[in-house]
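Biologist: Can you walk me through this one? I'd like to start with the side chains.

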Amino acid sequence: MSRYSILWADDEIDLLKPYIVFLEQKGYDVTPVPSGSDALDKVEQFNYDVVFLDEMMSGMTGLETLAKIKQIKPTLPVVMITKSEEEQIMEDAIGSKIADYLIKPINPKQILLSVKKLLDNKRLVSEKTNLSYQQDFRHLAMQYSDDIDFNEWAEIYKKLVYWELELDKSADKSMEEVFEMQKSDANNKFSRFIDENYEDWMSKDTVDKPVMSHNLMRKKVLPLIQEDAPLFFILIDNFRYDQWRVMEEVISGTFITESEETYYSILPTATSYARNAIFSGMTPYDMSKFHPDLWVNDEGDNEDGLNKNEEEFLRRFLDKNRRNTKFSYNKIITNSHGKALNENFNNLLKNDLNCVVYNFVDMLSHARTDMTVIKELAPDESAYRSITRSWIEHSPLLEFLNKIAESGSRVIITTDHGMVRVRNPKRIVGDRNVNTNLRYKQGKNLNLSDKSDHIIEVRKPANFGLPSPNVSTSYFFTTDDYFFAYPNNFNHYVNHYKDTFQHGGVSLEEIIIPFVYLKPR
């Protein structure tokens, strides 16, 4: 590895010889100069990794030199060294984008620490992150190999997300493949767990089961509704736990996380089923039975038609629970919708409950399937999180959240389901009325043309809380990172959809999703 180079400007540079020798013994090249103007000459002629700058130099001051250095090389890290502890000087230096701030008298170890923070930070953090993950790898593997419950699976998934985000920040990508194998293994075992327990969870007699889509409002939202204290319920469609972690960083200066939980999406983990289950407080089977005027079957290309009656489902749910709740329901599909909602914000404060559904993330994930540009921008999980962050930072949602914070109101951030990057196809045969979702199929005469591994097959839909439009209706769910493809034109179909983000099936990413309660700072 090449030696790092340091430029050090101080009008008493001769007195700093012991510090310079110390740094050189540690493997750094140090160029000493006695003034700010000399420092500027060097910066224009040579490339340095970091600059140490005395603030109280005669002639051109440190702050003046700093400003000119930033004009020449904006990304060059500068460490300001000063005798003064005046707050104004500190604020000026910080405002001028210094990398570090040291107050005299300094010692050699302070200087070394500052250099390492700036120049060796990524390497040291990467080494520590990879080592820590290696140490936790076996512990995690042992956890999900045991007979564990839904709460423990949620904690394992959160731990996997933690390591995914930490390894994502690491410059050393040597552990990425190991992590991907571990997440795949965990998903495989989680899918078996769902296959073994889901039917029991749908039984009304089962006590030990997770909070799920159809009881989320009753168990988690209704208890938070108060008179004269508006509650904002924001549902971001297709929003995973790792994406919440990204969002949390963006809004951390505005909100305090009062509680961060997860809940389980129902099957299918698709907007048309899970979101209606949330607002109706019912399973899809009960919705079709008790609200046939609102329920729309998702045969063929009719999946999106299921999402037209959410507001009425919510109205009936509140009436059924004898809640005289003044509420609003808004679905944000375009930027103009979001801006219009922000302009109407003061009127929302008159309600007890304000439900807002944001469809932007869902649109982004589906756009990725069809738009070459988005595919290029988001080829993997890390890039997809980056796009999500950019959307949050520049969407009307952030302005909406800021308005909520300014009003002193409370807010819930959640979703209806997550999504998973699909890589492996499963051949399936069905008639023309089979729905188009890639992760689950519902219809008559469904048959797999290859092995049934990585599939959950449901021949008795009512036992899974699912409706049966026909006597012979069945449901097939893909697990892990698999997706359905038809034998006709198979290779073209697979190449088009492989490595896209889909939902509807069974995976940690789709089922275990965030429910976060926030209060303004």
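**Rings, a helix and a strand**

Modeller: The charged end of R427 sits over the ring of F490, 3.7 Å from its centre (NZ of Lys or CZ of Arg within 6 Å of the ring centre and within 35 degrees of the ring normal). This is a predicted model, where local features need pLDDT of at least 70, side-chain atom pairs count only at pLDDT 80 or more, and totals for chains, interfaces and linings use all residues. Residues are numbered from 1 along each chain as its sequence is written, and side-chain values use heavy atoms, with hydrogens and water left out.

Biologist: How many aromatic pairs in the whole structure?

Modeller: The search finds 33. Rings of Phe, Tyr and Trp (its six-membered ring) pair if their centres lie within 6.5 Å; planes under 30 degrees apart count as stacked, over 60 as edge-to-face and the rest as tilted. One of the pairs is F150 with Y264, edge-to-face at 6.4 Å centre to centre and 85 degrees between the planes.

Biologist: Where do F150 and Y264 lie?

Modeller: F150 is in helix α7 (residues 150-169) and Y264 in strand β7 (residues 255-264), so the pair ties together parts 114 residues apart in sequence. Helices (H or I, at least four residues) and strands (E, at least two) are DSSP runs, numbered from the N terminus.

Biologist: F150 and Y264, buried or exposed?

Modeller: Both are buried, meaning under 20% relative accessible area; exposed is over 50% and partly exposed in between (1.4 Å probe, protein chains only).

Biologist: Which cluster do the ring pairs make?

Modeller: They link Y144, F150, W153, F190, F193, Y198, W201, Y264 and F464.

Biologist: What is the span of α7?

Modeller: Its 20 residues reach 29 Å from first C-alpha to last, close to the 28 Å expected at 1.5 Å a residue (1.5 Å times one less than the number of residues). Its buried residues include W153, Y157, L160 and W163.

Biologist: New topic. Where is S213?

Modeller: S213 is in the loop between α8 (176-201) and α9 (216-221). S213 counts as buried because its relative accessibility is 0%. Leaving aside neighbours within four places in sequence, S213 is in contact (heavy atoms within 4.5 Å) with residues including Y264, A274 and D416.

Biologist: And β4, which way do its residues point?

Modeller: V78, M80 and T82 point one way, V79 and I81 the other, and all are buried.

Biologist: What does β4 pair with?

Modeller: Strand β3 (residues 50-54), in the parallel sense over four bridges; strands pair if DSSP finds at least two bridges between them. L53 stands opposite M80 in β4.
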